[in-house]
Amino acid sequence: MCACASRWMTESDMVNTMRGDALKGRDILVVEDEPTIALDLQIALEDHGASVRTARTLARALERVEAQAPDAAILDVTLGQEKTCEPVARALQKLGVPFLLHSGDLDRQGELIHRLGAPVIAKPAANRELIERLSELLA
């Protein structure tokens with residue numbers, strides 16, 4: 001342990017703080033059709049200093065990417081009405097933007113997830129896990 005910022009921090013706290021620093025000032029796109037999940041992710045990312053743009057639909061996500069490429073993204077695989085994040089993922093890949101897949105449909109979308117070749121975090125997941133993985137992609 002060490003005394004940091006007027007409180008005692010464990011080694012785990014320090015590692016988590018350093019990883020979170022990778023998000024400071026970064027533009028993160030969250031593509032999620034469930035408003036509660038999107039808001040929860042937005043708050044968690046903003047707490048780590050990220051600037052967050054959200055999109056609930058495939059069309060809006062593509063608009064956001066075309067308007068300005070984010071530094072990284074978190075993509076829900078299934079976006080309702082039998083649409084997937086694949087067009088957004090492909091656009092991000094062309095731009096060299098790293099992204100995570102965040103899905104509760106691993107069984108139904110396994111082939112797509114495999115084709116995209118991006119890191120996957122199964123829903124439900126703790127925000128800490130998403131922050132750590134996204135930070136690793138940006139490090």
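**Packing and contacts in a predicted protein chain**

Arg56 is located in the loop that connects strand S4 (51-55) with H3. The structure is a predicted model, in which local features need pLDDT of at least 70 and side-chain atom pairs count only at pLDDT 80 or more, whereas totals for chains, interfaces and linings use all residues. Residues are numbered from 1 along each chain as its sequence is written, and side-chain values use heavy atoms, with hydrogens and water left out. Helices (H or I, at least four residues) and strands (E, at least two) are DSSP runs, numbered from the N terminus.

Arg56 has a relative accessible area of 49% and is therefore partly exposed; buried means under 20% relative accessible area, exposed over 50%, and partly exposed in between (1.4 Å probe, protein chains only). When neighbours within four places in sequence are left aside, Arg56 is in contact with Glu32, Asp33 and Pro35, where contact means heavy atoms within 4.5 Å. Arg56 and Glu32 are 24 residues apart along the chain, and their C-alpha atoms are separated by 5.1 Å. Between Val30 and Arg56 there are 8.5 Å in space, C-alpha to C-alpha, and the two are 26 residues apart in sequence.

Val30 belongs to strand S3 (residues 27-31). With a relative accessible area of 1%, Val30 is buried. Apart from neighbours within four places in sequence, the contacts of Val30 are Leu41, Leu45, Val52, Arg53, Thr54, Ala55 and Ile74.

The overall arrangement may be described next. The protein chain contains six helices and seven strands, and from the N terminus on, its elements follow the order β-β-α-β-α-β-α-β-α-β-α-β-α. Of its 139 residues, 40% count as buried. Among contacts between residues at least 6 apart in sequence, 64% join residues at least 24 apart.

Two packed helices are described by the angle between their axes and the distance between the axes. Axes are lines fitted to C-alpha atoms, for helices over the stretch in contact, and angles run from 0 to 180 degrees between N-to-C directions. Helix H3 (residues 58-67) packs with helix H4 (residues 86-95) at an angle of about 15°, and their axes are 9 Å apart. H3 is therefore roughly parallel to H4; angles under 35 degrees count as roughly parallel, over 145 as roughly antiparallel, 65 to 115 as roughly perpendicular and the rest as oblique. The crossing of H3 past H4 is left-handed. A crossing is left-handed if the near helix is turned anticlockwise from the far one by less than a right angle, and right-handed if clockwise. On the H3 side the contact is made by Leu58, Ala61, Leu62 and Val65, and on the H4 side by Pro87, Val88, Ala91, Leu92 and Leu95. By class, the contact of H3 with H4 comprises nine nonpolar residues, no polar and no charged ones. In this classification Ala, Val, Leu, Ile, Met, Phe, Trp, Tyr, Cys and Pro count as nonpolar, Asp, Glu, Lys and Arg as charged, and the others, Gly among them, as polar.

A second pair consists of helix H2 (residues 35-47) and helix H6 (residues 127-138), which pack at an angle of about 55° with their axes 10 Å apart. H2 is therefore oblique to H6, and H2 passes H6 in a right-handed crossing. In this pair, Asp40, Leu41, Ala44 and Leu45 of H2 meet Asn127, Leu130, Ile131 and Leu134 of H6. The residues of the contact of H2 with H6 comprise six nonpolar, one polar and one charged.

The loop between S7 and H6 includes Ala126, which counts as partly exposed at 36% relative accessibility. Ala126 and Leu41 lie 85 residues apart in sequence, with 9.8 Å between them in space, C-alpha to C-alpha. Pro124 also is found in the loop between strand S7 (120-122) and H6. The peptide bond from Lys123 to Pro124 is cis, with omega near -10°.

Asp76 is buried, with a relative accessible area of 4%. Leaving aside neighbours within four places in sequence, Asp76 is in contact with Val31, Glu32, Asp33, Cys85, His102, Ser103 and Lys123.
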